[in-house]
Amino acid sequence: MSDDSSAGDADVDLPEGVERRTFGGRQRLSTRGAQVYGEPVDADGWRAWDAGRSKLGAMLELGMDTGLVGGESVLYLGAASGTTVSHVADFAGPTYAVEFAPRPVRDLVGVAEDRDNLFPLLKDARDPESYAHVVEAGIDCLVMDVATRGQATVAVRNRQFLADDGRLLMAVKARSEDVTAEPDDVFDDVVAELEPAYEILDTARLDRFHADHLGIVARPK
Amino acid sequence: MTDAWFAGADPDDPESGATRVRTGRASAPADWPAEAVNTGFAADDTDYYAKLRSATLAAASEAVAERERADDVQLAHAVRAMDDAERTANELAERVVEWAGTLYEDVPRGLDGVRDIAARDPKTAAEERVVSYATRAVDLLDERDDLRAFIEERAPTTAPNLAEMAGPVLAARLIALAGGLESLAKKPSGTVQVLGAEDALFAHLKGRATSPKHGVIFTHEYVRGTRQQDRGSAARALAGKLSIAARIDHYSGDYRPDLHAELADRMATIRARADEEDDE
């Protein structure tokens, strides 16, 4: 637990293994692990978690109650080159990282080589059966950051991996659904499509860090 | 029989599960760690996750290497490299001609000037630098030509119908813009028609402009050589056949002469409109 959580916006406790520490005179989120993308690392081996490059980082920075405590099993959809998932693997338990595009997975493999609990999968999140033989049931936390149309459908299809008391942490990118629509309309549609499968616990615009993104915390119904 | 990735894998060969990680499927997840321990594949959870890690790392590395070495990916890199080489050579050429003009009386303009300077025998330290610089630009132009030759040789085997219809370089450009031959094959022809005109397309979608008639396929003779008022029709017809060509190339790979004859007929009809109007 952080010994100086008053410095951030959050009243909510950060997960075990995530701390606010000082980098360049500024309090920033950080985790402890091998450096990945040139982020600042302090003398104790903590590396800054840039909320501007990570939607999950932004959700934590904005004080959303993610329900993360540290050590949980995670299925991360849309891992890209591993910027965010590297921090997740630093504080979580078994972490499955799904990414569809080969080029970023080349980097993701490099990130996974430095971590014992990160499992990279070159798979399509829209087709969960292609990785259901690898990813275990009863996952504690499903993180979604897929920039594709049909983000809510992907979340619903992947609900089968989540434990009954698990959490969905999702960043919706309005422009991936429809470049011309108003973001608020897109977000309403996404939430409506989630509702039969998930109970929405919290939503927040991530605009301070990511334009036209909505953060969603939900649990399976 | 379990669907688990480790079914049939050798517990002592950490990478033997990699193939099943890549190709296996299951209708639903299960408690795989417990099943692995029960069936004796792993001694305990820690052992299971260590084996899972080796298998997923090997599977992901193999799959990435296979996909990135694929011919269409190589073609896409080659055409981007060709454009980079040309753009950079032109940029260097501007400097060479500008600089050489201060040292020599008779410097031809443009790329001819660069070749001319590169062939000279420098007499002073400044001339030595400008001749050397020109030589780099000439090398880049040669590299561009070699890249073009590589594309012209490779495109017909990677995408025979697309290369025949579009020409090898435009075929490579379409593949690069779509992000691979498979992605191109899956795009509707209306998207193929405006590939490379994304700015104009988004301006249109936001209601600020008319819809673009063509993207990079404008460089094709069937579009560029058709009179302005028929170019929309020509671009639509060409894009339609190009996307069929990409689908045949991706899914079957055999050459279909009929397809090319059909497009030639259609273009003749569109271009005949101009002749009819001339007759009236």
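Student: At what angle do the axes of α4(B) and helix α8 (residues 168–178) of chain B cross, and within what distance do they come?

Tutor: Two packed helices are described by the angle between their axes and the distance between the axes. Axes here are lines fitted to C-alpha atoms, for helices over the stretch in contact, and angles run from 0 to 180 degrees between N-to-C directions. For α4(B) and α8(B) the axes cross at roughly 105 degrees and come within 8 Å. That makes α4(B) roughly perpendicular to α8(B), on a scale where under 35 degrees is roughly parallel, over 145 roughly antiparallel, 65 to 115 roughly perpendicular and the rest oblique. The model is predicted: local features need pLDDT of at least 70 and side-chain atom pairs count only at pLDDT 80 or more, while totals for chains, interfaces and linings use all residues. Residues are numbered from 1 along each chain as its sequence is written, and chains are lettered from A and ligands numbered from 1 in the order in which they are written.

Student: Which residues of α4(B) and α8(B) meet?

Tutor: Contact means that the C-beta atoms of two residues, placed from the backbone, lie within 7 Å. B:Asp72, B:Leu75, B:Ala76, B:Ala78, B:Val79 and B:Arg80 in α4(B) meet B:Val169, B:Ala172, B:Arg173, B:Ile175 and B:Ala176 in α8(B). The residues of this contact of α4(B) with α8(B) are eight nonpolar, no polar and three charged. In this scheme Ala, Val, Leu, Ile, Met, Phe, Trp, Tyr, Cys and Pro are nonpolar, Asp, Glu, Lys and Arg are charged, and the others, Gly among them, are polar.

Student: How is chain B divided into domains?

Tutor: Domain bounds come from an automatic or database domain assignment. In chain B they give domain 1 (70–158) and domain 2 (159–280). The centres of these two domains of chain B, taken over C-alpha atoms, are 31 Å apart. Their contact takes 13 residues from domain 1 of chain B and 12 residues from domain 2 of chain B. On the domain 1 side, α4 (71–100) and α6 (125–158) of chain B are the elements that give two or more residues. Helices (H or I, at least four residues) and strands (E, at least two) are DSSP runs, numbered from the N terminus.

Student: Is B:Glu91 buried or exposed?

Tutor: Burial is a neighbour count: a residue is buried if 20 or more other C-beta atoms, placed from the backbone, lie within 10 Å of its own, exposed if 12 or fewer, and partly exposed in between. B:Glu91, found in helix α4 of chain B, has 12 other C-beta atoms within 10 Å and is therefore exposed. B:Glu91 and B:Ala137 are 46 residues apart in sequence, with their C-alpha atoms 8.8 Å apart in space.

Student: What is the radius of gyration of chain A?

Tutor: The radius of gyration is taken over C-alpha atoms, and the globule rule is 2.2 Å times the number of residues to the power 0.38. Chain A has six helices and 10 strands. Its radius of gyration is 16 Å, close to the 17 Å that the globule rule gives for 221 residues, so chain A is as compact as a globular protein of that length. Of those 221 residues of chain A, 52% count as buried.

Student: How many residues of chain A are in contact with chain B?

Tutor: 26 residues of chain A are in contact with 28 residues of chain B. On the chain A side, α3(A) gives the most, with six residues.
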